[in-house]
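Open your viewer, get a selection box ready, and follow along stop by stop. At each one you will find what to select and what to look for there.

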Amino acid sequence: MPNGVLIVDKPSGWTSNDVVVKLKHLLHERRVGHGGTLDPMATGVLPVFVGRATRAVEFAAGGQKEYIARLELGRTTDTQDSTGTTLTTAPCAVTTPELEQAILPFRGDILQVPPMYSALKVQGKRLYDLARKGQQVERPPRPVTIYELEVLEQVDAVSWLLRVSCSKGTYIRTLCHDIGQSLGVGGVMSALRRTQAAGFDLTQAVTMEEIIAASEAGKEGELLLPVDTCFRQYPAVTIGGRAERLCRNGNEFPCNEADGLCRVYSKEGEFLMLGSCQKGRMNTVKSFFEV
């Protein structure tokens, strides 16, 4: 059975769930999940977890992400991106230096009001379902962090490419909208490409065409990365004997490591679990060995 992580370069027009459904068929595995939703218009890094590796999804959804976004100034839409219905238009004579000055307040810890066209729930209902019915509801601002934000280049008279490094939960289209509002002309996101997520980047990504070709050749398993690559930032610990038996039974065991998270392996090199060592005792955070 296939187990591992597949870094997909999601094509435009596909939902993240579309990718998962297709991969279940191509990989002949029902246990498939993605780590971090991308809007249908967006492309780029979508980590997909297969088999027992789906146990790592919860760790992939968080963390820092990086995007290249195209900001179009001079209009607003109901979705805050170029796929929506235009609400307002305004003449735009913004210069690159003016834009660079305008984005300064959006760096660091900021508050964002989630867009109505989003999957967030209010009183048990998805915001996008309410939006499609023409309803507007109050959405409390949410804290997010913009680690890096820079203007890469001007594309045309009203559009620029931005590089954004941000925390989980950041809406890039809302960022584009808010920057446009701060300039007094409005703004939308007209393209988006995710370049990093869950510690993976585009150099590790494969296209759906490549995955289909590998599946037809019976080589789809060669595209999977080991699940422990999700935790490569943590030190590796090798155990055996009684400690391994306790580990496989979900029990704590003595350890001589510094306090913190670590990757735990058997002497044969099998990745057993993500563990937490505290005061000389190792506990399971999440196990990954086959049972």
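The tour goes from the whole chain to single side chains.

**Before you start**

This is a predicted model, in which local features need pLDDT of at least 70 and side-chain atom pairs count only at pLDDT 80 or more, while totals for chains, interfaces and linings use all residues. Residues are numbered from 1 along each chain as its sequence is written, and side-chain values use heavy atoms, with hydrogens and water left out.

**Stop 1: the whole chain**

Show the chain as a cartoon. It has 7 helices and 18 strands; these are DSSP runs numbered from the N terminus, with helices being H or I of at least four residues and strands being E of at least two. Along the principal axes, the C-alpha atoms fill a box of roughly 70 × 50 × 40 Å.

Of the 291 residues, 48% are buried. Here buried means under 20% relative accessible area, exposed means over 50%, and partly exposed is in between (1.4 Å probe, protein chains only).

**Stop 2: a five-stranded sheet**

Select β14 to β18. They form an open sheet of 5 strands in the order β14-β16-β17-β18-β15, with mixed pairing. β14 (236–239) and β15 stand at the edges with a single partner strand each, so one side of each has no neighbour in the sheet. Strands of a sheet pair through backbone hydrogen bonds, either parallel or antiparallel; two strands count as paired here if DSSP finds at least two bridges between them.

Zoom in on β16 and β17. These two run antiparallel and are joined by 6 bridges.

**Stop 3: the cysteines**

The link of Cys255 and Cys277 is right-handed, with 75° about the S-S bond. Cys255 sits in the loop between β15 (253–254) and β16, and Cys277 in strand β17 (residues 271–278), 22 residues apart. Both cysteines are buried.

**Stop 4**

Leu261 belongs to strand β16 (residues 260–266) and is partly exposed, at 31% relative accessibility.

**Stop 5: salt bridges**

Show the charged side chains. The structure holds 12 salt bridges, each a side-chain nitrogen of Lys or Arg within 4 Å of a carboxyl oxygen of Asp or Glu.

- Select Lys286 and Glu58, which meet in a salt bridge (2.9 Å, N to O). Lys286 is in strand β18 (residues 281–287) and Glu58 in helix α2 (residues 57–60), 228 residues apart. Lys286 is buried at 17%, whereas Glu58 is exposed at 52%.
- Select Arg281 and Glu252, a salt bridge with 3.2 Å from N to O. Arg281 lies in strand β18 and Glu252 in the loop between α7 (241–248) and β15, so the pair ties together parts 29 residues apart in sequence.
- Select Glu150 and Arg163, where the N to O distance is 2.6 Å. Glu150 is in strand β10 and Arg163 in strand β11.

**Last stop: Ser159**

Finish at Ser159 in strand β11 (residues 159–166), which is buried at 2% relative accessibility. Neighbours within four places in sequence aside, Ser159 is in contact (heavy atoms within 4.5 Å) with Arg70, Leu71, Glu72 and Gln154.

Technical notes. A disulfide is a pair of cysteine sulfur atoms within 2.5 Å.
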